[in-house]
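Hi,

Here is the structure for you to open. My notes follow it.

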Amino acid sequence: MGKIDIEYYQSWFAQYVQQYLAVQESNRLNYQLKLEHSLRVRDRIVELGESLNLDQTGLALCQIIGLMHDLGRFKQYAEYNTFSDLITGSHAKISVDILNENKLLQNLKKTQQEIVLKAIEYHNYYRIPEGKSAEILLFSQLIRDADKLDGYYIVTNDHDQRRYDLEGLSQDKYFSRINLEALLNSQPIEWKNVRYQFDRKLVMLGLVFDLNFKKSFELIKENDYIKRLISQLPDTCEIRRIGRHCTEYVRTKLESGRR
Ligand SMILES: [Fe+2]
């Protein structure tokens with residue numbers, strides 16, 4: 001078995017997305033945003049893979065996982081008119097089903113197929129299931145970090161996409177106490193505890209506690225994401241405390257010896 005033919009995946013993906021961009025004119029922006037997200041995540045996961053000195057095969061798997069992780073978003077929106085997994089079931093599972101139905105991974109080794117499918121399936125789990133192989137764990141961590149980093153990019157830069165984050169949430173300007181406590185305990189926030197718009201912002205802060213790689217923390221620091229998110233929340237003593245806690249957590253991670 002030779003080199004992974006990454007161009008095959010790129011052109012398949014481009015064609016797959018094109019049918020949505022072409023047919024559903026009224027929803028074009030929604031598909032466009034997901035397309036751009038997928039491309040940025042693809043670049044980001046490769047950057048993380050390079051920071052770990054992965055070989056060419058590892059980087060090719062990164063490209064496939066990054067590009068395909070949200071494949072299900074297009075079908076999800078076309079069929080249900082929403083990006084809410086609570087309504088449609090996991091979009092990650094839809095991505096996996098599309099890859100299987102189209103036999104897209106058949107040219108990869110069995111172990112590589114398993115890595116791609118599991119990393120994509122787990123990319124939006126609250127936690128990666130325990131007991132998985134070292135490789136499945138590694139690539140799952142890589143896509144989760146890359147996806148989260150793009151989430152930070154979106155909520156601090158991209159105004160078009162920000163509105164989806166607030167879909168179905170109370171417009172009241174409150175946040176839930178349980179989420180403040182989670183953050184102060186260095187825990188990510190659970191979706192079931194997200195009720196208000198500000199909870200959604202707290203979720204973003206909590207993602208920092210689920211990042212895995214030094215490069216990810218460097219990107220958080222370089223882009224000043226913690227401060228920029230805190231500035232979108234009310235200027236209270238509790239929020240300032242959360243900001244200090246998250247910043248300190250990132251600093252500690254950067255100082256640790258791990259890659
Ligand atoms: Fe996703």
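**Two loop residues and a helix pair**

Ser 186 sits in the loop between helix H10 (177-184) and helix H11 (197-206). Helices here are DSSP runs of H or I with at least four residues, numbered from the N terminus. This is a predicted model, where local features need pLDDT of at least 70, side-chain atom pairs count only at pLDDT 80 or more, and totals for chains, interfaces and linings use all residues. Residues are numbered from 1 along each chain as its sequence is written.

Most residues other than glycine have a negative phi. Ser 186 is not a glycine, yet its phi is positive, about 60°. Ser 186 is partly exposed, with 15 C-beta neighbours inside 10 Å. (Buried needs 20 or more other C-beta atoms within 10 Å, exposed 12 or fewer, partly exposed is in between; C-beta atoms are placed from the backbone.)

Lys 103 also has a positive phi, near 45°. Lys 103 lies in the loop between helix H6 (91-101) and helix H7 (110-122). Lys 103 is exposed, with 8 other C-beta atoms within 10 Å.

Now the helix pair. The axes of H2 (residues 28-51) and H3 (residues 56-68) come within 8 Å and cross at roughly 155°. Therefore H2 is roughly antiparallel to H3 (angles over 145 degrees count as such). Axes are lines fitted to C-alpha atoms over the stretch in contact, with angles from 0 to 180 degrees between N-to-C directions. Among the contact residues are Val 41 and Ile 45 of H2, and Leu 59 and Cys 62 of H3. Contact means C-beta atoms, placed from the backbone, within 7 Å.

Best wishes

Notes: Angles under 35 degrees count as roughly parallel, over 145 as roughly antiparallel, 65 to 115 as roughly perpendicular and the rest as oblique. Two residues are in contact if their C-beta atoms, placed from the backbone, lie within 7 Å.
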